[in-house]
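This report describes selected features of one structural model. The sequence and structure are shown first.

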Amino acid sequence: MPLKAPESRKAIHKRNVFCCGYKRNDNLWDIEGYLIDTKTYNFKTWARGNIKAGTPVHEMSIRITIDSNLKIYDIDLDMSANPYPSCPEVIPNFKELIGLKISKGFRKKVREIVGGIKGCTHMMELLFPMATTAFQTIYSLKNKTNSSPKLINTCHSWSEKSDVIKKEYPDHYKE
């Protein structure tokens with residue numbers, strides 16, 4: 001169901017986040033994330049001068065290479081547009097994420113490694129929908145051969161007492 005009609009308003013800021021998962025020929029996976037922020041008005045900054053409406057304030061991308069167990073093997077970042085000349089200086093810090101596994105506690109660990117002055121808030125936050133994308137990308141293929149779905153009891157629809165489990169995984173259904 002769509003949202004109810006809003007009050008009269010004017011758009012000011014637009015953020016687009018896009019993530020995509022890829023299966024590589026070497027049996028690893030690439031998960032890519034893109035973040036683009038724009039304003040609907042012209043403005044001026046000391047670092048970039050005049051910025052026209054629709055010009056990206058942030059245009060950033062990340063690629064993580066992971067294995068089927070969601071362990072990070074490599075990470076590549078790009079900041080095509082950023083507000084300050086110093087922003088890209090943190091890019092090498094994200095290499096510290098190599099070896100980290102996308103699992104319970106991932107967000108906390110990312111914040112410890114590249115949070116605050118060690119990283120970039122936008123790049124760090126982009127990693128979170130990328131983690132979900134990684135799970136969705138890999139899980140959908142792994143689930144075809146897995147008789148015990150790991151999503152049981154992770155949300156309302158996947159409750160062990162739900163119609164979803166009753167119909168799709170009757171062996172795991174509980175009354």
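Glu 112 is partly exposed, with a relative accessible area of 41%; buried denotes under 20% relative accessible area, exposed over 50%, and partly exposed the range in between, for a 1.4 Å probe and protein chains only. Lys 109 also counts as partly exposed, at 37% relative accessibility. These two residues form a salt bridge in which the closest N and O atoms are 3.7 Å apart, where a salt bridge is a side-chain nitrogen of Lys or Arg within 4 Å of a carboxyl oxygen of Asp or Glu. Glu 112 and Lys 109 lie three residues apart in helix H1, so about one helical turn separates them. An α-helix has 3.6 residues a turn, so residues three or four places apart point the same way.

The model is predicted: local features need pLDDT of at least 70 and side-chain atom pairs count only at pLDDT 80 or more, while totals for chains, interfaces and linings use all residues. Residues are numbered from 1 along each chain as its sequence is written, and side-chain values use heavy atoms, with hydrogens and water left out.

Helix H1 spans residues 106–114, and its buried residues are Phe 106, Val 110, Ile 113 and Val 114. They cover an arc of only 70° around the axis, which places them on the same side of H1; the arc is that of the directions from the helix axis to the C-beta atoms. Just after H1, Gly 116 adopts a positive phi of about 60°. Helices (H or I, at least four residues) and strands (E, at least two) are DSSP runs, numbered from the N terminus.

In the whole structure, a search finds nine salt bridges. The table lists three of them.

| Salt bridge | Closest N to O distance |
|---|---|
| Glu 125 and Arg 15 | 4.0 Å |
| Glu 112 and Lys 109 | 3.7 Å |

Glu 125 forms its salt bridge with Arg 15 at 4.0 Å. This pair links distant parts of the chain, 110 residues apart: Glu 125 belongs to helix H2 (residues 121–142) and Arg 15 to strand E1 (residues 13–23). Glu 125 is partly exposed, with a relative accessible area of 38%, and Arg 15 is partly exposed at 37%.

Strand E5 (residues 58–66) has seven of its nine residues buried, so it is largely enclosed by the rest of the structure. Strand E2 (residues 29–39) pairs with E5 in the antiparallel sense over nine bridges; two strands pair if DSSP finds at least two bridges between them. Arg 63 in E5 stands opposite Glu 32. E5 is also joined by eight bridges to strand E6 (residues 72–81), and the two run antiparallel. Ile 62 has Leu 77 in E6 as its bridge partner. E5 and E6 form a hairpin with five residues between them, and Leu 70 in the turn has a positive phi of about 70°.

How many disulfides does the model contain? The count comes to zero, a disulfide being a pair of cysteine sulfur atoms within 2.5 Å. The sulfur of Cys 19 is 8.8 Å from the closest cysteine sulfur, in Cys 20, which is too far for a bond. Cys 87 is likewise in no disulfide, the nearest cysteine sulfur being that of Cys 120, 6.2 Å away. Cys 87 is buried, with a relative accessible area of 16%.
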